Structure formats: C-alpha cells, structure tokens
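Open the model in a viewer and keep the selection panel at hand. The stops below are given in the order to select them.

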Amino acid sequence: MTRIPTKQEVLDWISANPTLTSKRDIAKAFGIKGADRIDLKRILKELEAEGHLEKRKRSYRDPDRLPPVSVLQVKAPNADGDLFARPLEWHGEGVEPIVLIIARASDPALGEGDRILARLTVVHEEDHNYEARLIRRIGTNPRKIVGIFRKGAEGGRIVPIDKAGSTEWLVAEGAALGARDGELVEAEQAGPKNRMGLPRARIVERLGDPTAPKAVSLIAIHQHGIPDDFPDKVIAEADKAKPVGLKGREDLRDMPLLTIDPSDARDHDDACYAHADDDPKNPGGHVIWVAIADVAAYVRPGTALDREARKRGNSSYFPDRVVPMLPDRLSGDLCSLHEGVPRACIAVRMQIDADGNRIGHRFVRGLMRSAASLNYAEVQEAIDGHPNDRTGPLLESVLKPLYAAYAALKKARADRQPLELDLPERKIVLNDKGEVESVAFRDRLDAHRLIEEFMILANVAAAETLIAKRSPLLFRVHEEPAPEKLESLRETAQAAGLNLAKGQVLQTRHLNALLNAAAGTEDAELINLSTLRSMAQAYYSPENFGHFGLALRNYAHFTSPIRRYADLIVHRALISAHGWGKDGLTEDEIARLEETATHISDTERRSMMAERDTTDRYLAAYLSERVGNEFTGRISGIARFGAFVKMDETGADGLVPVRSLGREFFHFDREAGTLMGSDSGLIIAIGQRVTVRLTEATPVTGGLELELLSIDDQALPRGRGPAKRSTRRKAASTKRKKDKIKRKVERKRRQR
C-alpha cells in the first residue's frame, strides 16, 4: 500500500513546487495511484477547510496570492515604455493582478505575446501589485501582425489595426510580398526584436482593401489567429464520409421531431418533440425528446478531422460569415438535421412531472428524420394565432404540446431561480453589399426560451448520466462571484438606493431580488450591467464545480457538437458509457481532458473577442457618417486613460479620453472604478447617465472617440474644456526657456 503523505509534507511540496500544484501533480510526486487518491483528496479538502490552501479551479495554493514563480504572457509596452504581463495562473477571482516586468541588462528583449517564467515579488504600488524578474523565456512562435501597409522608399511600414495603437513595424523591400500602399496585410515578426528602433516584420499574406465591408470580419479572424482554412487532408476525410444507416440504432424516423432555429441559421444540430405523458403515475406530466446530431459517428478520435476540430475548439460567428469547427460537408450536410432527411443522432427521452421536475430519462443512439425546419418567429406567430402553411399542420399535434411542456418547465425554473439578467442584445443588420444597414434589438420570444429550457434539461441529463456511470467528461463550470466583485456590486446597489444583503451564502435568488427591485427604474440597466460584471467567466473542466448562473449542480454541454468540441467529448463519453460502439472516448482523450478543457476554454474566449471586435468595427463604420452628432449613454467602464460610454441607440462603446477632460489631473481609483478631478472634485463613475459628442470614428480599428458634454443631466463645470493648442504650445515653450535658464545657472555655479 502506498504511503500517504502528511499534511505538512503536502504543504512543503506545494511551497517548493508552485507551478505543479494540481491534484494530479501532487499524486504523481508522492506516487499515489488508484484508490489511494481518495485519501489524498481528503487531506487536500482538510487543508482547504483549515485555511492552509485555497483551491483555484484544479490547483492548490496559498489564498489570494499568485505563486512566487509564475508563467506570464507579456503585453505590449504602455505609453511610458513599461512592460507589463498577464498572469496565466490567475483564474478570474477578484480583480486580476497587475504585474510589472523589471528588466535587467542581461535579459533578452521581450515582445508582446512572449511567455515567460518569472519570479514574483508582492508590491503595493498604485499601478501594479507584483514585480516580475525573468527566469527564462518559454518557447515562442513568430508574432503575427495584421495592419495597413504603407509603402516607402526601401520597403515600408505596417500600421497595426489594434485599437490599443501598438507600435509600427518595418518591412524590408524583399519582405513586402508585392503589397500595395494602403493594403491590409498579415505579417510575422522577422528575427529577434531590437532594443532600439522599430521591430521588423515580413508580410505573409495580402488581405486586400481594408475598407471593404467584407474585410471587417476577416480582420478579426486574422488578428486573433482563428484558423479559417481547412487543410486538404481534413477536407478529404470529410468528403469521404457517407450517411450513417439504421444498424445498431433506435429508429426514431416516425417521431415528429423538428428543429427551431434563427431564420439565418447555417446548421441545425438539435431537434425536439414533446407530448403529454400517458403514465397514470405521472398525472399532468410530459415527455420531452431532444435529439442531437451524432457528430461522433463521423469525427473519430485521432483523425485529421478530430485534430482540426480540437484545434479550433468551436465555431466563430460573425455578421457576414461563420468560421466553422467542421467542414461544410459535415456541418452543413451530414451532421445537420435537415427537414425530411434521415440523420444519425443521439437522443434523450426525458419525463417531467406537472411542475416541470425531471423524474426520469434515458439516452438512445438513433436515426431520426426532421418533420420540419422552422424558425423562432414563425413558431411564435403560430402559437399567437397566426400559423402559416408550414406551421399550420403542426400546430395542434406538435407545437402546442411543446409549449405545454415548456409551461411546466417554467414552474421548475421559477423554483430554481437561475440568474435573470435583462440586457437587450443588439443585432447588426447588413445589406447585400455587406454594409451596415441598421442596428436592431434581437427578439426574445417564448420560442427562444422554450428551446433554451429544453437544451438545459438535456445538458443536465447528460451530466447526471455520466456521473452515475462514473465516466470522465467535461463539465461546463460557472463559479460563484468573487467576494471583491460582490462588494463592488453591493456598493453600486446602495448608491442606487437598493440593497444586496450580507452575511448569507449567495444564491442567484438574492441577485434576482436585486434585479427585480431595480426593474422599471432609471438604474435598471446599471444594476443589470454591474451584476453581469460581477460574474466569473464560465469555462470547461473535467472536475465539477457546478454552474452558479443556472443554479445547477451538474451541467455539461451536450446539445451543439457541430460547433463546440466540448459537446463532442460528452457525446463520446455517452457512447463509451452505454457501450454503443468503438467511436467513444479513448484512454488518450481521458488522459488529456484537463489540457483539452483549458484549450477549448481559451478558443472560446478567442472567438468571443474576435466577434466583439468585429461588432465594434461594424458599429464604427455605421457611425462614421455621424461624427459631430450628440448621443446619450451611460458610463460603462473606467480606466486610467479615460471613461468608456455605452451609447443608448446602438449599444456601441466609445472612449472619452482623460486628456479631453481638461487641464486638471484626474485620479484613477481602480477599486472604486472612478476618476476624480484634482481641482473640481468631479467624479466620473460607472453607471452615470451622460451626453456625449462623437468626435472620431475609425472603422479599421473599431475605435470611437467621444467628448463628454454632461453627466447626470448636469453640464460639466466651466473652464474644464481642453486647453487650446496655441495655449499648450506657449506653455511648452515657456517651460523649455525656463529649463534652459536653469541649466545655464547650474553650469556657472559648478564652474565657480
């Protein structure tokens, strides 16, 4: 029997090995295997309960501290030339620490995107919490740059399109790839970064006219490194795929399963059907079927298709295009549940009682045939008494039973009380040329909510089935808000005359009470936005920490394997757990579940950032013809360099630079989220209603610059406008003359 380490031995190991602190690392260090892991888990739980350790996702360390030796990712230099880094071992609890890199003369030059191992020292400076000293640089890939090429006498320069306004890059004459002046290009770093002068790059792809409407999403795709071309081997594998037959599957083709999606949906990966339960033991109950495309039947572990899908992690959606996780032969054809076509699926039959509580379920691997491919609007119109030729024949037999089951699920949802945020989502509408035609609010119909509730129910059933069968899987995790963020939300609520009680275990029902109290008031948007900001970011994990926002203990993603790799992993786990075939979860996949979880969590965030940047650019293009106009909005963020304003009409975010606020100094309070004028005492804080003037819109970067006109319907104090250029020049000239006189006096004093 393996000797189990003492608590002190575990603490000593964690102290000596701050980068190897997961349960797996600790078990490996002490040679603990099999059932003995239970004892190790008990020791770690006790140390956690005693306050010696804090569990952050899947590792243990001292509470509220970064490890003394950490992996960092270098950021771009700031305006003062200081180099900061993002701690990759910080997982979003509280405000992310700010790490300043202290470079020594012997250190190699570091560039944006470099990963380094560094020794950290805690400091208490105004603009950073830690100082880092380089131990070694971890392997790097050539840095990619997307920008506008400006031709010169000997090559040219690349002007980056980042809103942050990072440095330009020099391009030698032989490294321009024939790019024309003003063309959008992708380049990579050429050679090591010089300590002096601009860095050098070579162009690797010409992307065309940066002002073309279709270039907007292309910029984001290249800028964020989203793979948008499938390798030939992947396409060849997809093209060889054949439709799956009935052998070994349950025949569901006569069941009137149907898909309900947006009118512009590119794929259909989920279908549903419901009917009243005929079991006399379940009066008023319902049976709900949810069938999901059986992607695992086509994408086998270890194939080129699988490697590419894992690499992408998920599909990315833009207003004018989709970058799919799978080639179109699968995502748009064989794995899409088209109307009237037999399709392989994994389906779950769920039994709910009259109050919407699930009382039983079973999974099957089947073959289905969609009775109809409908969109949300036409389904809702049919239920509201306006059926069309497609929905009319299905109204009584299929649609009304779906809504009856949904009515029961609403009761269970009301008891469970998931977080009920009310933040309208805006949709960018493009014309045939790819130009922004309008910015509209997305509809939120009962048809949307019905599908959401059915999918949540199926996801919970998948998680609970795999837990019961002791099968490894990937959970969708959403942890509780950090105490600091809750305190910030509590202060915001109090400022609005509302209350979020202390001294209790936070539940979503407490947050919902706050949101309900704010509903209908002028502070409703502020409270909803502040509540959203207090939330931790969801991620994937092989360990189950529950889903706070949905108020669920067990939750996994099962319903979208066409566009999410996590769902494909869950499908494979179900196949293995039920013994449905040899295309289930492999031992190799199980061994690297943690690595996969981290990777696809990162690709999800990458897609979110690319989609957000694309939206920003479209909005900047849309507003570029309205420069000089006034808009109302609300302060949505505060930074050292200015205040962000979300404008009411479009939902676009613009920046009020601190330099435009006047000649006084503005103190930035990071914890309070405020800017305060040193002379006027003016406080600019999140949530304030403002009127602004649009002064600049840059479609290529997505940047919007604003001038602040009033706060909470009060004009800014007089004399606060920015100094005139002539005044600034005169002041600068006077200062230079004074400095010159001082230097002369000092030289004469030394000579004497």
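Which residue just after helix 11 takes a positive phi? Select Gly497: its phi is about 80°. Bear in mind throughout that this is a predicted model.

Next, select helix 11 itself, residues 483-495. Its 13 residues should span 18 Å at 1.5 Å a residue, and the end C-alpha atoms are 18 Å apart, which agrees. Now show the side chains of Leu486, Leu489, Arg490, Thr492 and Ala493, which are buried in helix 11. They cover an arc of only 160° around the axis, so they lie on the same side of helix 11.

Then select Leu421, Leu423 and Leu532, which make a nonpolar surface patch of about 210 Å². Leu421 sits in the loop between helix 9 (395-416) and strand 22 (426-430). Its relative accessibility is 31%, so Leu421 counts as partly exposed.

Salt bridges come next; the count is 39. Select Arg358 and Glu464, whose closest N and O atoms are 2.9 Å apart. This pair links distant parts of the chain, with Arg358 in strand 20 and Glu464 in helix 10, 106 residues apart.

Move to Asp567 and Arg564, a salt bridge with its closest N and O atoms at 2.8 Å. Asp567 is buried at 0% relative accessibility, and Arg564 counts as buried at 14%.

Finally, select Arg249, Asp294, Arg300, Arg365 and Asp583 together: salt bridges link them in a network.

Methods. Residues numbered from 1 in each chain as written. Predicted model: local features only at pLDDT ≥ 70, side-chain atom pairs only at ≥ 80, totals over all residues. Heavy atoms only, no water. Helix = DSSP H or I, 4+ residues; strand = E, 2+ residues; numbered from the N terminus. Expected span 1.5 Å × (residues − 1). Buried < 20%, exposed > 50% of the residue type's maximum accessible area, 1.4 Å probe, protein only. Arc of directions from axis to C-beta. Patch = residues over 30% accessible without salt bridge, like charges linked within 9 Å, V, L, I, M, F, W, Y side chains within 5 Å. Areas by Shrake-Rupley, 256 points an atom, 1.4 Å probe, with all protein chains shown as cover. Salt bridge = Lys/Arg side-chain N within 4 Å of Asp/Glu carboxyl O.
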